[in-house]
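Welcome, and please take a moment to look over the chain before reading on.

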Amino acid sequence: MSTPQPSAERRPRGASVDLSLAPHAAPADEDVVEQKEGEIGPTGRPLRFIPEPPLIAHHGPAKVLAVCNQKGGVGKTTSTINLGAALAEIGRRVLLVDFDPQGALSVGLGIQPHHLDQTIYNVIMEREVDVENVIMRTNVADMDLLPSNIDLSAAEVQLVAEVGREHTLVRTLRPVMDRYDYVLVDCQPSLGLLTVNALAAADGVLIPLECEFFSLRGVALLIDTIEKVRERLNPKLEITGILATMYDPRTLHSREVMARVVEAFGEVVFDTVINRTVRFPETTVAGEPITSWAPRSSGAKAYRSLAREVIAR
Ligand SMILES: Nc1ncnc2c1ncn2[C@@H]1O[C@H](COP(=O)(O)OP(=O)(O)OP(=O)(O)O)[C@@H](O)[C@H]1O
C-alpha cells in the first residue's frame, strides 16, 4: 500500500517557501544588575575588572580566532557575530568568516546567502577569484564579512584531492591579513576538513560551550583534535578560551555544569558567561548584532566584556 502524498498544491517547495519572520522593535532598556569587581561570578571566581583597551594606531596583521565546537547549536554563530561587533565597537577592525555551509552567520547579518553569486567557496576553489571582491561590508562599522552558502558543502569533498588541502583557508586569508586586527572564523558543527582548515589558519580557538550535560562530552574530543592540529599543522595554535553559553543561573543543572567546566578546564574558561535569553534568537530575526539592536541589554554587555577578555588574553 502506498503512503498518502500531499496534493501538489499543498506540498512544500523547499527554498521557495517564505519562512521569514517580521523583526520586532528593539526592546526597551533592561534592568541589568551590574556585578562589581571582586564579587563571585558564575564561574565561582571573583570578577576581575578589565578596563577598555586603548585604541590602536596601526592595524594588522590579524589575529585569527576559530570559533569551534563540533556540537551543533551551542552559540558559535551568535558568539562570532556579537564578539566581532563588540571588538569593532572598541576600534578593532574585524573580518567575520562564515565557514559553515548553512550560512547562518551571513543570515544573522541580514544577508540572504543563497542569492550571492560569489562566496568563500569560489575564493577557495577558483584561483582567479580575488578574496577582496567577495568580502562584504556589514552594517557594523569596521566589521566585514566573507559570506558562505550551501556551495561550501562541496568544498569538503573537492578539497580532499588537493595538495595542501588543510592550508586552503590560510592561503585564502593571506592577502587581507594586514587590513584587520581580528579574523573570526565561524566553524561548522563537525571536525571535518573545513574545521581542520580553520584550526590550521588560527592563532587561537574560542570554544562556546552550552551549559548542558551533553555538551561536556564532546569537548575532550575537540581538545584532542586541537592538540593534533597543533602537532602536525600549526604549532602556534592555542585555546584562547572556553565560553560558557546559554547559562541559566536559576537552574541547578546550569550551575552544576558550570562548576564542572571550571573544575575541568580552570583558567581557560572565560570569566564572561553568556546567559540564556530570547534576545539572541530575536537578533537573528533582526539581522544585526545584539550590541546595536539592544545595546544596553545584558547580552550586549556580556559580549563587550568578552571582547575585553579576548584582547587581554
Ligand atoms: N545565549 C543564548 N540564549 C538563548 N538562545 C541562544 C543563545 N545563544 C544562541 N542562541 C540561539 O540558539 C540557536 C543556536 O545558536 P547558534 O546558531 O549561535 O549556534 P551554533 O553553534 O552556531 O549552531 P550550528 O552548530 O548549527 O552552527 C540560535 O537560534 C540562537 O539564536
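## A strand and its surroundings

Strand β6, residues 204-210, is mostly covered, with six of its seven residues buried. Here a residue is buried if 20 or more other C-beta atoms lie within 10 Å of its own, exposed if 12 or fewer, and partly exposed in between, with C-beta atoms placed from the backbone. Helices (H or I, at least four residues) and strands (E, at least two) are DSSP runs, numbered from the N terminus.

Before going further, please note that this is a predicted model: local features need pLDDT of at least 70, side-chain atom pairs count only at pLDDT 80 or more, and totals for chains, interfaces and linings use all residues. Residues are numbered from 1 along each chain as its sequence is written.

Which strands does β6 pair with? On one side, three bridges join β6 to the parallel strand β1 (residues 63-67). On the other pairing, seven bridges join β6 to β7 (residues 238-247), and these two also run parallel. Two strands pair if DSSP finds at least two bridges between them. Some of the facing residues are listed here.

| Residue | Partner |
|---|---|
| Ala-66 | Val-205 in β6 |
| Glu-210 | Thr-245 in β7 |

Now for the whole sheet. Eight strands form an open sheet with mixed pairing, in the order β3-β4-β2-β5-β1-β6-β7-β8. The edges are β3 (136-137) and β8 (269-275); each has a single partner strand, so one side of each is left without a neighbour in the sheet. Helix α8 packs on this sheet and touches β6 and β7, its direction making about 170 degrees with that of β6. Helix α12 (residues 298-312) also packs on the sheet, touching β7 and β8, and its direction makes about 165 degrees with that of β8. Axes are lines fitted to C-alpha atoms, for helices over the stretch in contact, and angles run from 0 to 180 degrees between N-to-C directions.

Together, β6, α8 (residues 213-232) and β7 make a right-handed β-α-β unit. Right-handed means that, with the strands pointing away from the viewer, the path from the first strand over the helix to the second runs clockwise. The buried residues of α8 are Ser-215, Leu-222, Ile-226 and Val-229. They pack against α7 (193-201), β6 and β7, where a contact is two C-beta atoms, placed from the backbone, within 7 Å.

## Around the ligand

What comes nearest to the ligand? Of the 18 residues around it, these are Gly-72, Lys-76, Thr-77, Thr-78 and Pro-189; a residue is near if its C-beta atom, placed from the backbone, lies within 6 Å. At least two residues of this shell come from each of α1 (76-89), β7 and α10 (279-286).

## A residue in α1

Ala-86 lies in helix α1. Is Ala-86 buried or exposed? It is buried, because 26 other C-beta atoms lie within 10 Å. Leaving out residues up to four places away in sequence, Ala-86 touches Thr-291, Tyr-303, Arg-304, Leu-306 and Ala-307. The C-alpha atoms of Ala-86 and Met-143 are separated by 9.8 Å, although the two are 57 residues apart along the chain.

## The chain overall

The chain has 12 helices and eight strands. Of its 313 residues, 42% count as buried.
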